[in-house]
Amino acid sequence: MSLGARLDRLETAMMLPVPGDDELPLSWTRANLARPRMQQVRLPLSGLTWIAYATLPPGYDLLQVHREQSGHRLLLRGCAAGVAQRLARVGWETIRVGIEGIIDLTGDGLCRRSVRKMARAAARFGKVSEIPWSPTAVTRLRRLASEARYGQRPQLRYLFRTTFEPETRLFVYADPTDCWQGALLLTRPSATTAVTELMLRRPQAPAGVMEALFATAGAQLQAEGCQTLSLNEVPFHHLDQDLRPLERLITLVGRRMVTVYNAEGLYRFKAKFAPSWRPVYLCAQSRLPLLALVDLFTVSGCLELAATGFQRRQAA
């Protein structure tokens, strides 16, 4: 057996998942497809290929993606520690970029007094329901996004799913005229897990709309056997401050964007559901150059968003 073949076999063995461990990066999910469907973004400065999110067929895992994309140097975000460790064992560089909040649906996170109080307040002016997929629903969600709070600012791209697709779940809060005042878009990567993708509310929406959406969606998911609901990532936050230089740099730059991207406000909102927190990693094959961070900052829309904030401050 050649050296190359032995190395390929070793890499495959090291990437094999632990039995029962089918965890995927954030915003990746599974559906009844014949072939995987991936949102790939070519990063021009670093030459990496960013797989922003993917929908995989049943039984398909990261090992198969890794094999089929062997001609590309890949970058993944939204990786939990287990995924990052598996990638690190085959030579990927991994760095912490934020934290993920996870609600235990069998616990009392969605039943806390403060959450129930806000949900009851919203129930006086409308109701939450799940919307089946249809082209009309896709259009209505897109319209709500454009009219929602911050909808007129440049929008972030590829960091989470923003389109209602058949493999996603959509819950909306509608007033008595059937005007959508808020929405919650989810993915369901496994039978026991769900992930928050998109949270929207109109500026004039009643107080408690988001709490009502999470409470209703959480109850429905739990009834279906789901055990956890991820609130997705809060970037630029960490469970400790023992950070490596590149992690400190990313955190510093991210927190300087507070006027246009309020990560602290996002953290406070998600914390009201008393989730457990775990680190989120950015992973690159085989190293993460600074140019890749410039690429991500640009293609994700962060640069445009930061520029808008700077112009607004200059005009003030």
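A: First, a term: a nonpolar core is a set of buried Ala, Val, Leu, Ile, Met, Phe, Trp, Tyr and Cys residues joined through side-chain atoms within 4.5 Å, where buried means under 20% relative accessible area with a 1.4 Å probe, protein chains only. Keep in mind that this is a predicted model, where local features need pLDDT of at least 70, side-chain atom pairs count only at pLDDT 80 or more, and totals for chains, interfaces and linings use all residues. Residues are numbered from 1 along each chain as its sequence is written, and side-chain values use heavy atoms, with hydrogens and water left out.

The largest nonpolar core has 41 residues, and those touching the most other members are Trp28, Leu43, Trp50, Leu75, Leu76, Leu282 and Leu288. Elements giving two or more residues to this core include β3 (49-56), β4 (74-79), β11 and α9 (290-299); helices (H or I, at least four residues) and strands (E, at least two) are DSSP runs, numbered from the N terminus. β3 supplies the largest share, six residues.

Now zoom in on leucine 282. Setting aside neighbours within four places in sequence, Leu282 is in contact with residues including Leu75, Leu76, Ile95, Leu288 and Leu296, contact being heavy atoms within 4.5 Å.

Apart from this core lies another, of 25 residues, among them Ala122, Leu221, Cys226 and Leu231. Leu221 is also one of the buried residues of α6. After α6 comes glycine 225, with a positive phi near 100 degrees. α6 (209-223) is also among the elements that the buried residues of α8 pack against, along with β11 (276-284).

Technical notes. Buried means under 20% relative accessible area, exposed over 50%, partly exposed in between (1.4 Å probe, protein chains only).
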